[in-house]
Every structure is written in C-alpha cells, then in structure tokens.
Amino acid sequence: MAAITKGAADQGFSVNTMAGVTDRVRILNPIVTKGAGSVAITTLGVGSTQGIRLKASVTSAGASSQSYSGAVTLQANPMLSSGTGGIVFSSTLDGASSISLSTTGPISLSGNVGSTTPLKGMTVSKAASMAVQAGLILSGTGTSTGANGLTIAAGVNNVVFAPTEAVRTISKFATGSGIALLGGSTASTVQGITIIGNFIGLSVAAGTYTGTLVTGCTLSGNSRIGISLTNARSIAIGNTKAGGNTIATNLWGIYAIGTLTGTTIRNNRITDVSRFGIYLNNAAGVKVGGALTNQGNSITNS
Amino acid sequence: MQGNTISGLKGNGVMLSAVQGITIDGGATGAGNTISKNGASGVGFGINASGLCTGSLVDGNLVSGNKSGHYFTKNARGITVIT
C-alpha cells in the first residue's frame, strides 16, 4: 500500500474486506490522513499471515479515530497516532514486535493482546483513557537494554484493566520494568497481571496518582524490586476492599523513596525476599498497613 | 506503619534509611506490628534505622526473636523507640 499523503484537506481511509478468514490487509508503508480523516480497517482474516498485518505507522489528527476490526499482527514496531476519536482494537493483537500508541481520545483493547505471539512491548505516550478488556502478554526476550514491557507516560489517566479471568503476563524485561508508570496517572486500576522475571516488576515514577490502585497482581522473580515507588503520591498498592498483591521471590519486595504523601501500602502478601520486604529510604508520607482489618501487610519468608 | 506481620526475613524486619516523620506503632487502637524471627541469614534486627530520622516513632509493636536484636538505632538520629 502506497503512502497516503496527498489529496483533499479532510481525507479518511477505510477498508472493509469481510469476505473470509483468508483475507489479508497489509500496511507496509505509512498512512497519514489529512484533516480529521479517520482510519477504519475491517476484515475477517485471522492468523499471522492473514488479517491486518501492520508494519508501518498510521497517523491521523483532529477528531479522527483509528479502528482495527480484525486480527492484527505486528510486523515491525509501528506508532499509531490519532485524534480525539481514539484508537480501537476490537479483535486480537499479536506479533513479536512493540507498538506505540498516542491519541487525544480513548484507547480500547477488547481482544486478547499477545496471546498467540507475545508482543515485545507497548508504549502509551498519550491517551484520554485506556481500557484493557481481555488478555495481555508481553515478553521482553530479545529486547534492547532498559526496555520496559508496558510503558504509561505521565498524564495518561484512566488506565483500567477490567476484572477478568483472562491471562495477563508481563515477563523477561531483564533490564527494565514490567510496567513503568512514568509520571502521574490518576483514576487507574492495574489489576490481575502476573509480572515476572523482570528487573523491576512495577516502577512508579514521580507524580500524583490520585484514585489509582494496584491490586490482584503477582509480582515475582524480579531480579531487583517487586514494586518501586519514587516520589509517587497518592497511589494505593493494595487495599482492604479490592485486596492486595502477591509479591514474592524478589530481591526487595517494595522499595519506596522520596515524598510519597497519600500513598498507602496495604493488604499485600510479601514473601521470600532476598533482602528487604519493604525498604523505606528517605521516604515521607507513606502509610504501610493500618489499624483496620486487612490493612496490614504480611511480610514473611517461608 | 500499623498492623503488619513481618516475620522470617533473611535480613532486617524493617529497614529505615533517613526516614522522617514515620510512626511504627499501634496507635490508639493498639494495632501494632508483629516483627519477629528475622535475620535468618545471620544478621538482622527487628527494626534497623540509620540516618536522620527526625520525628519518627517506634512504639507499641510486638517485636521478638530477631537474630541480632530487636532494635538497632545506633546510626540513626531523631528517632524515638519505646520498648
């Protein structure tokens, strides 16, 4: 497919095959729409050689949206940028590559991501919200030094992993973080994810995280730290109502440093740490446990 | 810091490094922490504090059976420990 860069001021792009499972839409060159032109691709094609094969970046602006209605397989490391209409994947997303998403609207992942072929990373640099409604598997095998699994940029709020039995695993980012929150992300729920075999399981960088909760995750076998908090304010690592996290067999369970006003660490089970269960280093304002039932943490070695 | 069970760790139960204004206590409700049997690797205190810990308070916890002792605050300043 040739690049689309010329034409009317408002130029969208739509493909609808809907003929059968052997259909294939290949995006080999960048797509850049004009004005508020949207991109919509629909196909019944499935599998790694059919469906939507995404190799190049797609850019749309204004009030545009991008929708991918059919199985998507990454063939490179594309960047998808859209306007306020957001980015929607309504089927599966696979491929041993990474993807970057940027939109002034919402992001919706309603199909399994990486369940057939794990992705090597996902970066969300801008979004009004992000809904992960099914499975998510990211694997860092073969990635570059310092690569993270899921990277959420500062100011990306309302990132919600829906409660589901779907498999979510982020693993083997051996020199990076399984999940990296780069700045303030408010009103988010990170839940039901197994984060294993990374350098740091979850790293939370400086910023305000009011209304953000990490619950029901298992962080294990991370070579340095299960959860790292650096000047992270008002984030809840587990709570009484939703439950805590299982943090096991890391060198340090939770490491907290700096100003952590409003941050709470409650109802977590931290086991089999090699060094510290919870290490507070020059930390202020964090509450660890509490007086009420199920607010305390269990920090033990078996 | 209240209501936590910290037990059986290889090193220190609680490590505080230049932590200011933290309370490790039971408060009015008596919900102290249980900090026991840490230091399995050979060296480990129940609570080990170092550096400037102004305004920090340790009180009302159940601290027992830790390998190297229950409290080590020799290298800390400004912390109050009530046993």
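The model is predicted, so to speak of local features a pLDDT of at least 70 is needed, side-chain atom pairs count only at pLDDT 80 or more, and totals for chains, interfaces and linings use all residues. Residues are numbered from 1 along each chain as its sequence is written, with chains lettered from A and ligands numbered from 1 in the order in which they are written.

Chain A splits into domain 1 (1-117) and domain 2 (135-302), with bounds that come from an automatic or database domain assignment. The C-alpha centres of these two domains of chain A sit 31 Å apart. Where they touch, domain 1 of chain A puts in four residues and domain 2 of chain A six; a contact here requires C-beta atoms, placed from the backbone, within 7 Å. On the domain 1 side of chain A, that comes down to one nonpolar residue, three polar and no charged. In this scheme Ala, Val, Leu, Ile, Met, Phe, Trp, Tyr, Cys and Pro are nonpolar, Asp, Glu, Lys and Arg are charged, and the others, Gly among them, are polar.

Chain A also holds an open sheet of four strands, ordered β2-β5-β8-β11, with parallel pairing. Strands are DSSP runs of E with at least two residues, helices are runs of H or I with at least four, and both are numbered from the N terminus; two strands pair if DSSP finds at least two bridges between them. At the edges are β2 (24-27) and β11 (93-94) of chain A, each with a single partner strand, so one side of each has no neighbour in the sheet. Strand β8 (residues 72-74) of chain A runs parallel to β11(A), joined by two bridges, and Val72(A) faces Leu93(A) in β11(A).

Chain B is another story: zero helices and seven strands. Its radius of gyration is 12 Å, which agrees with the value near 12 Å for a compact globule of 83 residues; the radius is taken over C-alpha atoms, and the globule rule is 2.2 Å times the number of residues to the power 0.38. The C-alpha trace of chain B spans about 30 × 30 × 15 Å along its principal axes.

Between the chains, the contact draws 22 residues from chain A and 24 from chain B. On the chain A side, β32(A) gives the most, with six residues. Three bridges join β34(A) to strand β1 (residues 5-7) of chain B, and the two run parallel. Within that pairing, Ile299(A) stands opposite Ile6(B).

Terms used
Two residues are in contact if their C-beta atoms, placed from the backbone, lie within 7 Å.
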